[in-house]
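Dear colleague,

Please find below the structure I wished to hand over to you. My notes on what was found in it follow directly after.

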Amino acid sequence: MTISEGTGEDLYRLYFERTGDAFLIIEGDRFVACNDATVRMLRYRTRDELLHTHPSDLSPELQPDGRRSFEKANEMMAVAFERGSHRFEWDHRRADGEVFPVEVLLTAVPMPGRSMLHVVWRDLTERRRLEAELVQAHKMEALGRLSSGIAHDFNNLLVAIIGHSELLLADLGDLPDQQSSAAEILKAGRRAADLVGQLLAFSRKQVLRPQTIDLAATIADMADMLRRLLGEGVAAEIEPGDRPLWVRADPGQVAQVALNLAANARDAVRPGGRFRLAVEPAIVDERTPDLHDALPPGPYVALVAEDDGEGISAGDLPRIFDPFFTTKPVGRGTGLGLATVYGIVRQSGGSIAVVSGPGRGTRFTIYLPRVAPQETQGGATAVEPAGAAAAGAHVLLVEDEAATSRLVRVMLERAGYRVTVATGGEQALAILAGGEGAGEAGRIDLLLTDIVMPGIDGVELVRRARELHPSLPAVLTSGYPAEFLAGSAGLPFVADLLQKPFSAQELVHRVATAVRERA
Ligand SMILES: Nc1ncnc2c1ncn2[C@@H]1O[C@H](COP(=O)(O)OP(=O)(O)OP(=O)(O)O)[C@@H](O)[C@H]1O
Ligand SMILES: [Mg+2]
């Protein structure tokens, strides 16, 4: 039947049959007619099968408000007859048992002597999912702002804590008790730095160093570490597969993801339990089930972490990615593990699917976009002994905070650098221009500057310094994550960004690398 040859009645029939909403006619307590969209929505095999089902079998026993579906349905129909039509939300049950939300519009069909209703159902599953995603996105955004702010202040404090304890540790060689105290301070400082890093990873504001990496090889390299983490009581199956699968991600963060998933499995399984971590190629399309956040269709690499542990209850499942959500006793879990995983995965353009239930074990599938293999790059990234090549070089250190500046100066001097300190951008430019202090300062080999300073900020300083000395290497330091600094446009031209808190070793290594690259 085509529209041009259709009679008026044919046209109505065509509309009834073809529309995407589910259309039904109910008379009394049975279905008289329905269209194909109804059959598809309820996942019945045939229209006949559906029409012979009693309407009450299409609803779960209770509605979300706790009322019995049967009673409430009669009430809704009565309202429709009384007012002519009635619109409301309802939970239905598909043939396979899945309960899903619909919007219902009941319209009374005015037929003398008969109580007929015209019914329209609209599936709300997708709308509900989007709403939930939006709420989640807002929550993450707010927490992200809060944590970047806190992280900045903490990172400055941690520079002092970590750096000074490193210095103490080196100086207290002949006082073992004091040395071990310094070592404890250092350890606590590093743990605090990790926590701040995790908060930032969660808030997706961490400075990432994404590279094209073979996820299969990355996981294969971690096999021993993962087995040690899981302990002997857990049968670990690490299955990276035997072919390379390339993604763009920060390798350190990928390791963090795998470790967090393994640690959770370890806590969830009974002795003799099982954990499997596999890397597989995957295609994501609209049928990919359980994705926490929607992904564009295409080729992905899946990191699958499965255990046969206690599983997660339906009540807890929506909250597991929330920061500080934990079901573990105080001291056992902080609730940052999965929040971190979530942040890293989203920032790497991926998504997570979780399938779990009490006593049924848990499966996390992490999808990361698959990319073309990395072209082999010329130079290897051999790590030379920190500072060896650059020792003796002259660093201009620009830092407005006296405590940090003293500390960084000592760190560099111990590694054999000469250091000249400026407390701000103006003074630094004067030194570089050969003015104040330049006589004794001599040639500057590297500019090491904080980004956030009153007056000329670090980014502007590097720009103006390069007007004087075009090839001057520069390293910027900041307690703020890079994304937060987006306002100070032009960051990309800068040689390097060193995130606070840094250790003496990291500082010296980065300074040495920057100086060497110019040489
Ligand atoms: N594999 C799993 N099996 C069962 N429950 C899990 C699993 N992974 C996570 N969970 C649940 O999700 C919660 C949150 O996990 P998450 O890793 O974020 O925090 P945590 O493990 O409690 O603490 P942290 O990782 O910070 O030490 C856990 O407390 C646990 O209830
Ligand atoms: Mg955890």
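The crossing of helices H7 and H8 is right-handed. Please bear in mind that this is a predicted model. Helix H7 covers residues 215-230, and its axis lies 10 Å from that of H8, at a packing angle of about 35°. On the H7 side, the residues that meet H8 are Leu215, Thr218, Ile219, Met222, Met225, Leu226, Leu229 and Leu230. Their counterparts in H8 are Val254, Ala255, Ala258, Leu259, Ala262, Ala263 and Arg266. By class, this contact has 13 nonpolar residues, with 1 polar and 1 charged.

Helix H8 also packs against helix H9. The axes of H8 and H9 cross at roughly 145° and come within 9 Å, and the crossing is left-handed. From H8, the contact draws on Gln253, Gln256, Val257, Asn260, Leu261 and Asn264; from H9, on Gly337, Leu338, Thr340, Val341 and Ile344. The class composition of the contact between H8 and H9 is 5 nonpolar and 6 polar residues, with no charged ones.

In the case of Asn264, a polar side-chain atom lies 2.8 Å from a ligand oxygen. Thr362 has a side-chain N or O atom at 3.3 Å from a nitrogen atom of the ligand. Taken alone, ligand 1 exposes 600 Å², of which the protein buries 92%.

The peptide bond that joins Lys500 to Pro501 is cis, with omega near 0°. Pro501 belongs to the loop between strand E17 (496-499) and helix H14 (504-518). Arg43, a residue other than glycine, has a positive phi, near 55°. Arg43 sits in the loop between helix H2 (36-41) and helix H3 (47-51).

With kind regards

Definitions and conventions. Residues are numbered from 1 along each chain as its sequence is written. Chains are lettered from A and ligands numbered from 1 in the order in which they are written. This is a predicted model: local features need pLDDT of at least 70, side-chain atom pairs count only at pLDDT 80 or more; totals for chains, interfaces and linings use all residues. Side-chain values use heavy atoms; hydrogens and water are left out. A polar contact is a pair of N or O atoms within 3.5 Å; within protein, one must be able to donate a hydrogen and the other to accept it, and residues adjacent in sequence count only if both atoms are side-chain atoms. Accessible areas come from the Shrake-Rupley method with a 1.4 Å probe; for residues, only the protein chains shown count as cover. Axes are lines fitted to C-alpha atoms, for helices over the stretch in contact, and angles run from 0 to 180 degrees between N-to-C directions. Helices (H or I, at least four residues) and strands (E, at least two) are DSSP runs, numbered from the N terminus. A crossing is left-handed if the near helix is turned anticlockwise from the far one by less than a right angle, and right-handed if clockwise. Contact means heavy atoms within 4.5 Å. Ala, Val, Leu, Ile, Met, Phe, Trp, Tyr, Cys and Pro count as nonpolar, Asp, Glu, Lys and Arg as charged, and the others, Gly among them, as polar.
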